[in-house]
Amino acid sequence: MARTGTGVEIIKESQLKRNMPAYLAPWRASPCVFRSSKSELMPNLASDGVVCAPLQTFTEEETMLKNMVTKFAQERVAPLVQKMDENSKMEDSVIQGLFEQGLMSIELGEEYGGTGASFFSTILVVEELAKVDPAVALLCELQNTLTNKLFTTYGTEEQKRTYLPRVAKDTIGSFCLSEAGSGSDAFSLKTRAEKKGDYYIINGSKMWISLAEHAGVFFVMANTDPSLGYRGITCFIVDRDTEGLHVGKKEDKLGIRASSTCPVTFENVKVPETNILGQVGQGYKYAIGMLNTGRIGIAAQMLGLAQGCFDHTIPYTKERVQFGKSVFDFQVATLTTSKCIEWMGGVGFTKNYPIEKYYRDCKIGTIYEGTSNIQLSTIAKSLAQEY
């Protein structure tokens, strides 16, 4: 075992492999240790130029990180996936493990307790975790691409000193934007922040707030001047123990059940002016910027989910025999959870195997960080600017 400059423990690849038949441990990681987890080292860069290596070719540090996360997901997450899904609750040991391994502060500087790695490293981690449990991957993704990024990009030096060591060690952040009447049209929010001297009073309610159950700090989008419309939206940092902040009962969801989604209400919540993140009236810009980054993370989550489902399915179809041949011999491989259920046959529709969970978990990918229609609209706008 070795430790890299990023502060992440590295395990030899030979320690990752398992020999357990797939049919004996259907809810554990695939015995192939996910073929997609295997990677090639990036070739040495020429001294007179830059080599553009394929995205599946990693640096030595990225390969070691990827292997460490694979081991963590198999040993610390996989045994608890079914329990967490059934109970709709993230196990404390999983959350603690993510912090201990430095996976909740991947890009933060070492001066704040982070590992000082890259955004690409964050994407690799999210993808690997999603192969085992997309709910755990979501927790990691939101902490790194939203919570940490908001503080590092827009926070004052005092805010960074106060909050970054906490979010690197044991504090989960939660982004409060959506409301009952503002889903895809997020900037029509009704939550208000009224200025009173050197502090603000926040009143309103938020819906579908991810990670609210365990969050220790909230980023609250509220309008300081409704006459300005979305240009009055401001981001406030609000600690969980602030009087008047209430986290409601979590939603009983179809998928990613271990990741909490709750309503959050604000009743005369008093927030000092020093807790404004960035500038007054710029909250909508910050939200757009962070959501654009977050969409890359969600794409990694969906990719990992599909690969995890695929890796669970193929070994089974090669063992399952119909008409004298393995089921695998009859099928053309595609990376869709729906097809994986079909390939599994009747057991794919049961909770004895994790395939149906991957199917349930993947639906949210067409909803959060912008629905499919919103994504198409964004793509259309980008195309229009090029012509």
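Let me begin with pLDDT, which is the predictor's confidence in each residue, on a scale from 0 to 100. The structure above is a predicted model, in which local features need a pLDDT of at least 70 and side-chain atom pairs count only at pLDDT 80 or more, while totals for chains, interfaces and linings use all residues. Residues are numbered from 1 along each chain as its sequence is written, and side-chain values use heavy atoms, with hydrogens and water left out.

The chain averages a pLDDT of 81, and 71% of the residues score at least 70. Over residues 29–34, however, the pLDDT is below 50, and this stretch has 21 contacts (heavy atoms within 4.5 Å) beyond near neighbours in sequence. Where pLDDT is low, the predicted coordinates should not be read in detail.

Now to a pair of helices, which, like strands, are DSSP runs numbered from the N terminus (helices are H or I, at least four residues; strands are E, at least two). The axes of α5 (residues 134–154) and α6 (residues 157–169) come within 9 Å and cross at roughly 160°, so the two helices are roughly antiparallel (an angle over 145 degrees) to each other. Among the residues that meet there are Phe-151 and Tyr-154 in α5, and Tyr-163 and Leu-164 in α6.

Finally, which residue in the loop between β7 (199–210) and β8 (215–223) deserves a look? Leu-211 lies there, and, although Leu-211 is not a glycine, its phi is positive, at about 70°. Leu-211 is also buried (under 20% relative accessible area, with a 1.4 Å probe and protein chains only), with a relative accessible area of 5%.

Conventions: Buried < 20%, exposed > 50% of the residue type's maximum accessible area, 1.4 Å probe, protein only. Axes fitted to C-alpha atoms, helices over the stretch in contact; angles between N-to-C directions. Parallel < 35°, antiparallel > 145°, perpendicular 65-115°, else oblique.
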